[in-house]
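Here is a short walk through one protein model, written for someone meeting it today. Have a look at the picture, then read on.

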Amino acid sequence: MISLILLAANGSAYSARAIRMAAEVAGRFGAEIIVFHAHEHAMGRGGGFEIETLAEADALTDHVVCELRDVGLSARGRVRSCFYGHTAREIVALAKDEGADLIVMGSRGLSEMTSLLLGSVAHKVL
């Protein structure tokens, strides 16, 4: 039985497909969806900087939560801050913390070798 789905969303077209898939699965099982977005920070020569603002990260998450609620699904959002490249760790940690039964996220559709070389978040989560 699937009662809790962790949906990793980043605003991409691949993420939009993942949203539709999570909604379909949640509808079939009556599951709640946690919409997750990583608020990433990177390190540069002059120090750390945000890749997006916290307000942008919250807005993206809120938009997806509203979209899911508008079709009658139970959804809530979570934003966690992390360094660039650590998103997969945050996804797995949140899934464990919340007891998620399923993680849904987009994939760029790259070949196995290409995605391993580029460091796909989806492959790191797997």
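## Starting with helix 3

Helices (DSSP runs of H or I, at least four residues) and strands (runs of E, at least two) are numbered from the N terminus.

Before going further, note that this is a predicted model, where local features need pLDDT of at least 70 and side-chain atom pairs count only at pLDDT 80 or more, while totals for chains, interfaces and linings use all residues. Residues are numbered from 1 along each chain as its sequence is written, and side-chain values use heavy atoms, with hydrogens and water left out.

Which residues of helix 3 are buried? They are Thr-87, Ala-88, Glu-90, Ile-91, Leu-94 and Ala-95. Seen down the axis of helix 3, these buried residues fall within an arc of 165°, so they line one face of the helix. That arc is taken from the directions from the helix axis to the C-beta atoms. Buried means under 20% relative accessible area, exposed means over 50%, and partly exposed is in between (1.4 Å probe, protein chains only).

What covers the buried residues of helix 3? The cover includes strand 1 (4-8), strand 2, strand 4, strand 5 (102-105) and helix 5 (121-125). On the face turned away from the buried side, helix 3 carries the exposed residues Arg-89, Lys-96 and Asp-97. Just after helix 3 comes Gly-99, with a positive phi of about 75°.

## A salt-bridge network

A salt bridge here is a side-chain nitrogen of Lys or Arg within 4 Å of a carboxyl oxygen of Asp or Glu, and the count by this rule is 6. Glu-32, Arg-76, Arg-78 and Glu-98 are linked in a network of them.

Take the members pair by pair. Glu-32 bridges to Arg-76, with the closest N and O atoms 2.7 Å apart. That pair links distant parts of the chain, since Glu-32 is in strand 2 (residues 32-44) and Arg-76 is in strand 4 (residues 74-83), 44 residues apart. Arg-76 also meets Glu-98, at 3.0 Å from N to O. Here strand 4 is linked to helix 3 (residues 87-98), with Arg-76 and Glu-98 22 residues apart. Arg-78 bridges to Glu-98 too, at 2.8 Å between the closest N and O atoms; Arg-78 is in strand 4 and Glu-98 in helix 3, 20 residues apart.

How exposed are these side chains? Glu-32 is partly exposed at 23% relative accessible area, and Arg-76 is partly exposed at 27%. Glu-98 is partly exposed at 24%, as is Arg-78 at 28%.

## Cysteines

A disulfide would be a pair of cysteine sulfur atoms within 2.5 Å, and a search of the whole structure finds 0 of them. Cys-66 is partly exposed, at 42% relative accessible area, whereas Cys-82 counts as buried at 6%.

## The whole chain

Stepping back, the protein chain has 5 helices and 5 strands, in the order β-α-β-β-α-β-α-β-α-α along the sequence. Of its 126 residues, 37% are buried. Contact means heavy atoms within 4.5 Å; among contacts with a separation of 6 or more, 66% are between residues 24 or more positions apart.
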